[in-house]
Protein chains: 2
Amino acid sequence: MAQSDTVVRILDTAEALFAEKGFAETSLRAITSRAKVNLAAVNYHFGSKKALIQAVFARYLDPFCEEFNQELAILEKKSEVSLEELLEVLARCTISVPATKGSLSVFMRLLGLAYTQAQGHMRRYLQEHYGQTFLRFTNLLKLSSADLPDAERFWRIHFMLGAVVFTMSSLDALRDIALSDYDEKTRIADLVARLLPVVTAAMQAPVPEQPELVKQ
Amino acid sequence: MAQSDTVVRILDTAEALFAEKGFAETSLRAITSRAKVNLAAVNYHFGSKKALIQAVFARYLDPFCEEFNQELAILEKKSEVSLEELLEVLARCTISVPATKGSLSVFMRLLGLAYTQAQGHMRRYLQEHYGQTFLRFTNLLKLSSADLPDAERFWRIHFMLGAVVFTMSSLDALRDIALSDYDEKTRIADLVARLLPVVTAAMQAPVPEQPELVKQ
DNA sequence: CTCCAAGTTAAACAACTGTTTCAAACATTA
DNA sequence: TAATGTTTGAAACAGTTGTTTAACTTGGAG
């Protein structure tokens, strides 16, 4: 049974090439030739290039969401949850899941691409499949930052999402600079340790005076 | 003299389409047909699609850097510069420059695409042409956050760069959500007002205990 | 007016894209 | 062993891509 082998090899290669060059810039021929499988294999096993992209994401996000949902269920039973506690759980799940492959940075790069690259279908896919988990998280976040206006919290979530995704997705380049300029061999765990106090402080920053809402 | 007219129309259309769909997903035919210009005009006036992309950026960044450099020169003469002061200058220049066109959000989206979309040549172009201005900025930032270890500052700069670029590049989608969920008509100026305290707090967050540097 | 460079146009170029086809090879069950 | 359904293989499909060519139009200087 060579099937699973072909599927896995396509997924591995596609993941690497997508992260390296982007979705539109990576052709099926580039994937299949490097993976040493036939060109038609992608359409046979996945149906289309779109579906392949989604499958690459699902391989990361499905196990992540499963673990994260379990942790969220525990937190939801508690009477109150601190911001540090919630972020620590998020960080732990993010690190632990792809530990088998050790390529968290690759996945973060993909996530960044999915959001910024104008692949509308990816945003829709992520929303449909993982929106509910995200909602559970934001509900807990609301409890742990109750004094923050809803709109303010909304924007800050995306500021911090950007900080994480952007840094992680450029990780290799930044790590090289950090090494040559500051003699620092930054591991993912170090980066998370750096991120936690920054994100916490950002979420707790003073709220600016209400901007006067003008029409248009 | 229809030349300048053609060039400007190409730039305007390309800018809009790039922001809307991304670089790779926007064909020269899509640009030229919407701009009501002949297909060959792009290669005639700009040389290649790559050069057109760079020209779209230069139209924003050249005037921005000119103004920003002037402001930086003023700050460099002062004996000390506060973090708020420096960030406020950055925000002011960012807002003021494209005021004539009112499409700062378009440019921000382009900037986000340039960094996240794996167009290697764009990163190189930005570094080569505007790296020195960025260096002047980071030097002042070092003065205004002298108690921060260099490596820590380095990472935080990129955290915050990510927050800005990522948010801006998804701006339209986020703005729609903010409008429907919080009845908020977010203007760019509002967003900058929200960003300033967050970035300030993030840069001033407590430094985590030195991560033990292990080999590998 | 003449002439020349600058700009525009339509057409064709070669290369590449995702997808489909159908015969061959394979593994599995009866 | 024979029959079955699944997986691979090479080739072709129809469409799009960025770029180039060469003929054509135009505006202004000599």
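Guide: In what follows, contact means heavy atoms within 4.5 Å. The model discussed here is predicted.

Visitor: What share of the interface residues of chain B are also interface residues in chain A?
Guide: The comparison takes the interface residues of chain B and looks for them among those of chain A. The copies meet through the same surface, because the share found in both is 97%.

Visitor: What kind of axis relates chain B to chain A?
Guide: Chain B can be laid on chain A with an RMSD of 0.6 Å.

Visitor: Which residue of chain B comes closest to the rotation axis?
Guide: The distance is taken at the C-alpha atom and comes to 2.0 Å. The residue of chain B at that distance is B:Ala163.

Visitor: How many helices does chain A have?
Guide: Read from the N terminus, the elements of chain A run α-α-α-α-α-α-α-α-α-α. Zero strands are found in chain A, and its helices number 10.

Visitor: Among contacts in chain A between residues at least 6 apart in sequence, what percentage join residues at least 24 apart?
Guide: The C-alpha trace of chain A spans about 60 × 45 × 45 Å along its principal axes. Of its 216 residues, 52% count as buried. For contacts between residues at least 6 apart in sequence, the part that joins residues at least 24 apart is 70%.

Visitor: How many residues surround DNA strand D?
Guide: The closest are A:Thr6, A:Tyr44, A:His45, B:Arg29 and B:Lys49, so named from both chains. By class, the surface near DNA strand D has six nonpolar, eight polar and three charged residues. The number of residues that surround DNA strand D is 17.

Visitor: Of the atoms of DNA strand D within 4 Å of the protein, what percentage belong to sugar or phosphate?
Guide: The atoms within 4 Å of the protein are divided between bases on one side and sugar or phosphate on the other. The part belonging to sugar or phosphate is 49%.

Visitor: How far is a polar side-chain atom of B:Lys49 from a phosphate oxygen of DNA strand D?
Guide: Side chains of both chains reach phosphate oxygens of DNA strand D: for A:Tyr44 the distance is 2.9 Å, and for an N or O atom of B:Ser27 it is 3.3 Å. For B:Lys49 the distance is 2.8 Å.

Visitor: Which element gives the largest share of the surface near DNA strand D?
Guide: Elements that give two or more residues are helix H1 (3–21) and helix H3 (40–45) of chain A, together with helix H2 (28–34) and helix H3 (40–45) of chain B. The largest share is three residues, and it comes from H3(A).

Visitor: What is the relative accessibility of B:Thr32?
Guide: B:Thr32 lies in helix H2 of chain B. Leaving out residues up to four places away in sequence, it touches B:Val37, B:Asn38, B:Leu39 and B:Val42. B:Thr32 counts as buried because its relative accessibility is 3%.

Visitor: What class of ring pair do B:Phe23 and B:Phe57 form?
Guide: Over all chains the structure holds 18 aromatic pairs. The ring centres of B:Phe23 and B:Phe57 are 6.2 Å apart with planes at 45°, so this pair is tilted.

Visitor: How many residues apart in sequence are the parts that B:Phe23 and B:Phe57 tie together?
Guide: B:Phe23 lies in the loop between helix H1 (3–21) and H2 of chain B, while B:Phe57 lies in helix H4 (residues 49–77). The separation in sequence of the parts so tied together is 34 residues.

Visitor: What class of ring pair do B:Phe57 and B:Phe107 form?
Guide: B:Phe57 is buried, at a relative accessible area of 0%. The rings of B:Phe57 and B:Phe107 have centres 6.2 Å apart and planes at 70°; an angle over 60 degrees is needed for the class. The pair is therefore edge-to-face.

Visitor: Which helix of chain B holds B:Phe107?
Guide: B:Phe57 and B:Phe107 are both buried. Their pair ties together parts that are 50 residues apart in sequence, with B:Phe57 in helix H4 and B:Phe107 in helix H6 (residues 104–116).

Visitor: With which residue does the side chain of B:Glu67 make a polar contact of 2.9 Å?
Guide: B:Glu67 is found in helix H4 of chain B and counts as partly exposed at 26% relative accessibility. Not counting residues up to four places away in sequence, it touches B:Cys93, B:Ser96 and B:Val97. The side-chain polar contact of 2.9 Å joins B:Glu67 to B:Ser96.

How values were computed: Residues numbered from 1 in each chain as written. Chains lettered and ligands numbered in written order. Predicted model: local features only at pLDDT ≥ 70, side-chain atom pairs only at ≥ 80, totals over all residues. Heavy atoms only, no water. Polar contact = N/O pair within 3.5 Å; in protein donor to acceptor, adjacent residues only side chain to side chain. Helix = DSSP H or I, 4+ residues; strand = E, 2+ residues; numbered from the N terminus. Nonpolar A, V, L, I, M, F, W, Y, C, P; charged D, E, K, R; others polar. Least-squares fit on C-alpha atoms with pLDDT ≥ 70 in both. Phe/Tyr/Trp six-rings, centres within 6.5 Å; stacked < 30°, edge-to-face > 60°. Buried < 20%, exposed > 50% of the residue type's maximum accessible area, 1.4 Å probe, protein only.
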